[in-house]
Amino acid sequence: MASQLARGFLAEQDLERFVREEHGGNRAAAARAKAASGEACMRNAPKAALKYFRDALDLATTEAARAAVHRSCAAACRDIGHFNRCVGHATRALAVDANDLESLRHRLAAHEALGCLLYTSDAADEGLGVD
């Protein structure tokens, strides 16, 4: 499991202690608690929310639970401008449910932002102005 940890707030041994002591060994409940903490941070601290979501990914026990957390990660990444990561998280969520409209919207918004950034960068390289 150590190689798959997503670098959230807690190290592997601390995550295991959190599951054991705070949630009576119930990994799914611990994952839901971390995801809920992330959702609570989204408005004011999306970077911190992303760390909670990463912990939730490490604890998630089902593909559906992981997809839900990936959807939240996509939103946080979009909000802080990490558009490539947003696309990655949205794609992982869509792999579980191809009809997940929220993840599709995150992915499309990130692709659009990346396209604008590339256009602006190319124009700057050419010494052109962009509107």
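Reader: At roughly what angle do the axes of helix α4 and helix α5 cross?

Author: This is a predicted model, where local features need pLDDT of at least 70, side-chain atom pairs count only at pLDDT 80 or more, and totals for chains, interfaces and linings use all residues. Residues are numbered from 1 along each chain as its sequence is written, and side-chain values use heavy atoms, without hydrogens and water. Helices are DSSP runs (H or I, at least four residues), numbered from the N terminus; axes are lines fitted to C-alpha atoms over the stretch in contact, with angles from 0 to 180 degrees between N-to-C directions. Helix α4 (residues 63-80) and helix α5 (residues 83-96) have axes that come within 8 Å and cross at roughly 155°.

Reader: Are α4 and α5 roughly parallel or roughly antiparallel to each other?

Author: Angles under 35 degrees count as roughly parallel, over 145 as roughly antiparallel, 65 to 115 as roughly perpendicular and the rest as oblique. The axes cross at roughly 155°. Therefore α4 and α5 are roughly antiparallel.

Reader: How do the residues of the contact of α4 with α5 divide by class?

Author: Contact means heavy atoms within 4.5 Å. Residues making it include A67 and C77 of α4 and F83 and V96 of α5. Ala, Val, Leu, Ile, Met, Phe, Trp, Tyr, Cys and Pro count as nonpolar, Asp, Glu, Lys and Arg as charged, and the others, Gly among them, as polar. The division is 10 nonpolar, two polar and five charged.

Reader: How are α3 and α4 oriented to each other?

Author: Helix α3 (residues 46-59) and α4 have axes that come within 9 Å and cross at roughly 160°. Among the residues that meet are L50 and F53 in α3 and V69 and I80 in α4. The helices are therefore roughly antiparallel.

Reader: How is α1 oriented to α2?

Author: The axes of helix α1 (residues 12-23) and helix α2 (residues 27-41) come within 9 Å and cross at roughly 100°. That makes α1 and α2 roughly perpendicular.

Reader: Which residue lies over the face of F18?

Author: A charge sits over a ring if NZ of Lys or CZ of Arg is within 6 Å of the ring centre and within 35 degrees of the ring normal. At 4.9 Å from the ring centre of F18 lies K34.

Technical notes:
Helices (H or I, at least four residues) and strands (E, at least two) are DSSP runs, numbered from the N terminus.
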